[in-house]
Amino acid sequence: MPDELQQQQSVLAIRLYGEFRKQLDAAPKGGRMMPYRWWSLPQPLSGLWMVYATQLDEYATDLANIINSLTHHVARLRAWSIVVEPLSADDKLAVAHEFVDDLGTVALGLPYAIKSRFTLAALALCHQANRAKDMEGWVDVLPDKRAFYLNDIDPHCQGWKAFRGFKLKVEPLAGRAFKADTADFRNAYNHGFSSRFLVGITAMMRRIVAKDGSVAYGYGGREPLQLAQIADLLSKERDLCYAAFEKFQALVVEQIEAIANFDASVPDGRPDI
């Protein structure tokens, strides 16, 4: 049987979650949902494009999923920010432990993940679609890297007119301002000690190395991240994701047109899928 303290914690958690759901349900619907299955490949489609078709279905669906998750997380953070405003420090700590720590940690990592997924999707799709532009010269070779940056994929993607617009919209995601305003949360969380949510000071002691190599230690401390602040920052990243997704769609439309033109220009006899 749960002891009295556990029962009190359960009652508090249930009450606070109920308040959260009221705020979430009452809030105006912010943002928008990214669409699914918005593309139209030629039918029948040559078997030459099986890899492209499979990757497009997987990557476009995953990008819609993760951007829609970010939209939902922004709404959840805003609702929780209203719930916690009148609470005591102890109750805020309970909310952080029970609900907000995981939500905030995942949400603050999403802009970085989305940027990487956009980059990988563009690389893979451009690489496959390049066959439609140079069938004889196309070689199935890509860099062997665990992570790609936008500049890494330029040689494989720059032949597509829509790529420049896509790159310009993806580049600002998870930029310097977001990194600074979140106290570099993602990097600190994975490789050190990150800021906390709602309550608690971190980085009380910092090691400072001067230009001459001398070392000093200073007292300081990072204030906890507040939910309204995080929601505001993530709404900007969310809107950047929307713009990048539209340019991703434009890139795919250009590629599908090239694929359709290629298939129409070759003799019959290629296997269809």
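Residues are numbered from 1 along each chain as its sequence is written. Because the model is predicted, local features need pLDDT of at least 70 and side-chain atom pairs count only at pLDDT 80 or more, while totals for chains, interfaces and linings use all residues; side-chain values use heavy atoms, without hydrogens and water.

**Confidence**
- The mean pLDDT (the predictor's confidence in each residue, from 0 to 100) is 91, and 95% of the residues score at least 70.
- Strand β1 (residues 205–209) has the lowest confidence, at a mean of 77, and helix α5 (residues 161–170) the highest, at 98.

**Overall fold**
- The protein has eight helices and two strands, taken as DSSP runs (helices H or I, at least four residues; strands E, at least two), numbered from the N terminus.
- From the N terminus on, the order is α-α-α-α-α-α-α-β-β-α.
- The C-alpha atoms fill a box of roughly 75 × 55 × 35 Å along the principal axes.

**Helices α1 and α3**
- The axes (lines fitted to C-alpha atoms, for helices over the stretch in contact, with angles from 0 to 180 degrees between N-to-C directions) of α1 (residues 4–26) and α3 (residues 89–129) come within 11 Å and cross at roughly 80 degrees.
- L12, A13, L16 and Y17 of α1 are in contact (heavy atoms within 4.5 Å) with D91, A94, V95, E98 and F99 of α3.

**Residue S195**
- S195 lies in the loop between α7 (185–191) and β1.
- Beyond neighbours within four places in sequence, S195 contacts A183, F185, T202, R222, E223 and L225.
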